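The plan is to pick a few side chains and jot down who sits next to whom.

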Amino acid sequence: MSSIENAQLAQLIDHTLLKPEAVRADVDALAREAEGLGTYSICVSPSMLPVETSVKVATVCGFPSGQHSAEVKAFEARESVAKGADEIDMVINVGLARAGEYEQVEHEIRAVRDVAKAPALLKVIIESAALDDEQIVAVCQAAERAGADFVKTSTGFHPAGGASEHAVALMRETVGDRLGVKASGGIRTREAAEAMVAAGASRLGLSSSKAILEGGTGSGY
């Protein structure tokens, strides 16, 4: 017996399609599936905007490497909001984080926040699997100082891996109830999804939402 009802779990999901080979028909199918499943949103590449759907629309920024200038990330975020994105999931420069350049990390997050103003939500992808605990805490603190709404574990594209219960719990401990925590990358079963929620996730990035909600095993992001 599941501990989280399907409708409740679905409302935590950003139903995601970020494959570089995706075409418009794939995005349209994603939106229709999300509406049927009752997910909170869809998350698509910025080139696919705008998208007509009754659910929220999220997009990515500086994806997937994060190795873009703050100015480029800000330009991308501004354009995405103008094209109807409700939420921006930006990737930090992980190299800056690993080098301890947390003021620079804060600067780039703030640059995006300045153009993606409320009611747009800003989620900050920290690529937690590539960071140690001290770095995870520091970048979460930088995200909060810069005015982010969420911190997010992973792009799902980094070779170091995706979300872990440990990282989610540490991120939640760091930001308390002041920010959301999104777990993403490598979540492919109902059990894994619920474990992330139990660890402190308030949003889930899933590409296999239907399979997970039905209790099966997914693949991909």
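This is a predicted model: local features need pLDDT of at least 70, side-chain atom pairs count only at pLDDT 80 or more; totals for chains, interfaces and linings use all residues.

**Entry 1**

Leaving out residues up to four places away in sequence, Ser80 touches Pro46, Leu49, Thr59, Ala85 and Ile88. I then checked where Ser80 belongs, and it is part of helix α3, which covers residues 70-82. Is Ser80 buried or exposed? Its relative accessible area is 2%, and buried means under 20%, so I wrote down Ser80 as buried.

**Entry 2: aromatic rings**

To describe a pair of rings, I need the distance of the centres and the angle of the planes. How many aromatic pairs does the count give? I got 1 aromatic pair. Its partners are Phe63 and Phe157, with centres 5.2 Å apart and 80 degrees between the planes, which makes the pair edge-to-face. Phe63 sits in the loop between β3 (56-61) and α3, while Phe157 sits in the loop between β6 (150-152) and α7 (165-175), so this pair ties together parts that are 94 residues apart in sequence.

Phe63 comes out at 18%, so I noted it as buried. Phe157 has 40% relative accessibility, so it goes down as partly exposed.

**Entry 3: salt bridges**

Side chains of opposite charge can pair when their charged atoms come close. I counted 16 salt bridges here. I began with Lys123 and Asp89, whose closest N and O atoms are 2.8 Å apart. I found both Lys123 and Asp89 buried.

Asp89 has another partner on my page: it meets Lys152 in a salt bridge, at 2.9 Å from N to O. Which strands does this pair tie together? Asp89 is in β4 and Lys152 in β6, so the parts joined are 63 residues apart in sequence. For Asp89 I read a relative accessible area of 0%, and Lys152 is also listed at 0%.

My next bridge was Lys210 with Glu214, with the closest N and O atoms 2.8 Å apart. Lys210 is partly exposed at 37% relative accessibility, whereas Glu214 counts as exposed at 58%.

Finally, I followed the shared partners. They join Asp14, Glu87, Asp89, Lys123, Lys152, Lys182 and Arg203 into one network of salt bridges.

Note on methods: Residues are numbered from 1 along each chain as its sequence is written. Side-chain values use heavy atoms; hydrogens and water are left out. Helices (H or I, at least four residues) and strands (E, at least two) are DSSP runs, numbered from the N terminus. Buried means under 20% relative accessible area, exposed over 50%, partly exposed in between (1.4 Å probe, protein chains only). Contact means heavy atoms within 4.5 Å. Rings of Phe, Tyr and Trp (its six-membered ring) pair if their centres lie within 6.5 Å; planes under 30 degrees apart count as stacked, over 60 as edge-to-face and the rest as tilted. A salt bridge is a side-chain nitrogen of Lys or Arg within 4 Å of a carboxyl oxygen of Asp or Glu.
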